[in-house]
Amino acid sequence: MLSVELAEGNVHQYAKGISIGEIIYNVYGKKSGCVAALVDDCERDLSFTLTESCKVEPIFGDSEAGMFILRHSCAHLLAQAVTELYPSAKPTIGPPIDHGFYYDFEMNPIGDEDLRKIEKKMQEHVRSNHTIIREEYENAELRDMFSSNPYKIEIIDEKVGDHGSTVYQQGDFTDLCLGPHVPSTSHLRWFKLTSTSQAYWRGDSSLTSLVRIYGMCYPTKEGLKGRIKQLEEASKRDHKKIGREMELYMIDEQIGKGLPVWLPNGEILKSEIEKYAVETEEEYGYVRVTTPVLAKKELFETSGHLPHYADGMYPPMKMDDGTYYLKAMNCPMHHLVYKSKKRSYRDLPLRVAEYGTVYRNELSGTLAGLLRVRMLSMNDAHIYCTLDQIAAEVASNVQMVQDYYSKFGFEDYSFRLSLWDPESTEKYIDQPENWKATEDRLRSIMDDLGVNYTEAIGEAAFYGPKVDIQFTTALGREESMSTIQLDFAAKERFGLTYMDDKGVENGEVMVIHRAPLSTHERFVAFLTEHWIGNFPTWISPIQVQIITISERFSEYATELGSKLKEQRIRVAIDDSDSTIGRKIRTHRKMRPAYMVIIGEEEVANGTVSVRARNGDQRNGVLTEHFLQEIKDEISSRSPRLSLV
RNA sequence: GCCUCAGUAGCUCAGCUGGUAGAGCACUGGAUUUGUAAUCCAGCGGUCGGGGGUUCGAUUCCCUCCUGGGGCUCCA
């Protein structure tokens, strides 16, 4: 006999050789939704048999760990269907991911119809309820078993030692896998294949191109339906859709991919954001410059862009006095601003800001609305400081980012420390000791600030580590927004120095690149998705939409409009002869902060009726009172509608 | 750049297996003068993304290019 302690702390006695499944079914019932268990904190299949006393804790399908197992098993189910329908397909890897799973196959590209066919086959296997069996094999046996699949052999070479490993079998399908898995395929009922894409073996574009199939999987019908609903809701936030509706920007193929045109409404957003940034940076002690959008090749060779970032730049233009490139970053020119005169320690930190555009040759397939573009409007700046000043400068930039975000109502973001990848030195300036020192410095600054962050290898800029602030878009893609980057290379490359307080020329100038508002394009995209177009009043393209009940009240409406305009409030008037219901319906699309309704009563009493975007309404507001309140709301840059 | 799906009026979409196109909204004109998510009538509007091919005939089938969505890679 052996004693098994269940999670609640009660100990049961069982005969040796009993499986976890038997115990769990006994205690929790067959329909508990249990998919696996922790045996002494180690994940095991339910078929695992016990030989000694231990602690057993069930893993239910609706727990995080359980869903991971479920999704992993669903990936196997997918591979089972694919290999059956396409016998030449070679499965490679198929991990669980958030909301679902994917599996990469070497096979001929497939389309939507295939996806439905595969889905159907998977459903069949769910109904057949194959038992999922775990088996242990020696290394040599595994090689034999997977001899026709070079990918699996590669995995065996790499991960499976002499002790061998396990395979999981369901029906005719067998996959090399450590598990654990759900006990049988009937647990995998609530899945849906979502898309296919190309992926590379080991993520390396020089290796075989594979077909990746994505799916989602949930323990219950409600879970799956909920997720589908959630995705539908999210797509309503899509800035591309709202951007078209609100006439924020356009992209015209005659201009080019990734080159958005800011339409008047979008330009208002952009310039309000810029105005705010100018004020903020004045407070923080920045000076502003403007530099050209292109410069000679030699400058970008000095900066290191051409050796390390050439792929990201537009191709060169040959002129009679040399070869020019469009700038992908402002830094080289700002370094020249720094060097334009002899600098003293009294000048530092020197904070050079620029509002302008840079041009990057992003891969055409990555371009997406305003989220990824080739012309980037930036609220860029470079800070030149001594080593002692770095911590304070990073801190004030983290603070600035947090202040901006709270002003714009962003709450859901995370900090990421982006480090270099010592394995791919060609992407970076190859000075390992400088990388280590600068990364350690940045890490300890972040630790001192008490900001939570994750670390990411291979996400650094070519000249140094950075702090990126990460967001997830409405459609679930993670993107970097703001960035604070340390640059240990510029001082040498450009010979940046200052005269220190001993009268000695000092070359220890650290450059901090920072863009707290991301690019205007990306920022506005996030802002649009976050607010679903219902922007805070101070940036709203239309702050007040005046609507008349009939044309008889046009005069009063025009007067009110003039009063608002005098206060620099953005106002539009609709005194057409349409009905009030229709006007409200029509103007909702443009999402004005407030609609003001003017009719008999208002004219008689010198009042307005104020209707907010959410439908809340306040009637009989004295015009003067309305003016004062909306002025206050705008000047305080409040993220909330205060008038209703 | 690669894989995949798509491309019909300014927008949202319909158009069965080939016989050169429709609706709603928007826009213009008229009627109506309206109290909170669509008043009525009429009109304007499309080389069916571009080019090539198959065919008596192509929006429809094939090829190719362009553009867009999703993904890979890359990145603010």
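1. How much space lies in the largest pocket? In this predicted model, the largest pocket holds about 1800 Å³ of space. Its lining is made up of 49 residues, and those that lie nearest the centre of the pocket are Tyr309, Arg360, Glu362, Arg372 and Lys466.

2. As for where that lining comes from, two or more residues are given by each of helix 10 (305–309), strand 21 (375–385), strand 24 (466–472), strand 25 (478–487) and strand 28 (510–515). Strand 25 gives the most to the lining of the largest pocket, namely 6 residues.

3. Sorted by class, the lining of the largest pocket has 18 nonpolar residues, 15 polar residues and 16 charged residues.

4. The second largest pocket holds about 1000 Å³ of space. It is lined by 31 residues, and a reader who wishes to find its centre in the model can look for Arg227, Thr473, Ala474, Leu475 and Gly476, which are the closest to that point.

5. The elements that give two or more residues to the lining of the second largest pocket are strand 12 (190–200), strand 13 (209–218), helix 6 (221–236), strand 24 and helix 15 (520–531). Helix 6, with 5 residues, gives the most to this lining.

6. In the second largest pocket the lining residues divide into 11 nonpolar, 11 polar and 9 charged. With regard to domains, the lining of the second largest pocket takes at least three residues from domain 2 (65–234) and at least three from domain 3 (276–524).

Technical notes: Residues numbered from 1 in each chain as written. Chains lettered and ligands numbered in written order. Predicted model: local features only at pLDDT ≥ 70, side-chain atom pairs only at ≥ 80, totals over all residues. Heavy atoms only, no water. 1 Å grid on protein atoms, 1.4 Å probe; cavity = no way out; pocket = protein on both sides within 12 Å on 5 of 7 lines; lining within 4 Å. Points joined across faces, edges and corners; volume = space filled by probe spheres on them. Helix = DSSP H or I, 4+ residues; strand = E, 2+ residues; numbered from the N terminus. Nonpolar A, V, L, I, M, F, W, Y, C, P; charged D, E, K, R; others polar. Domains from an automatic or database assignment.
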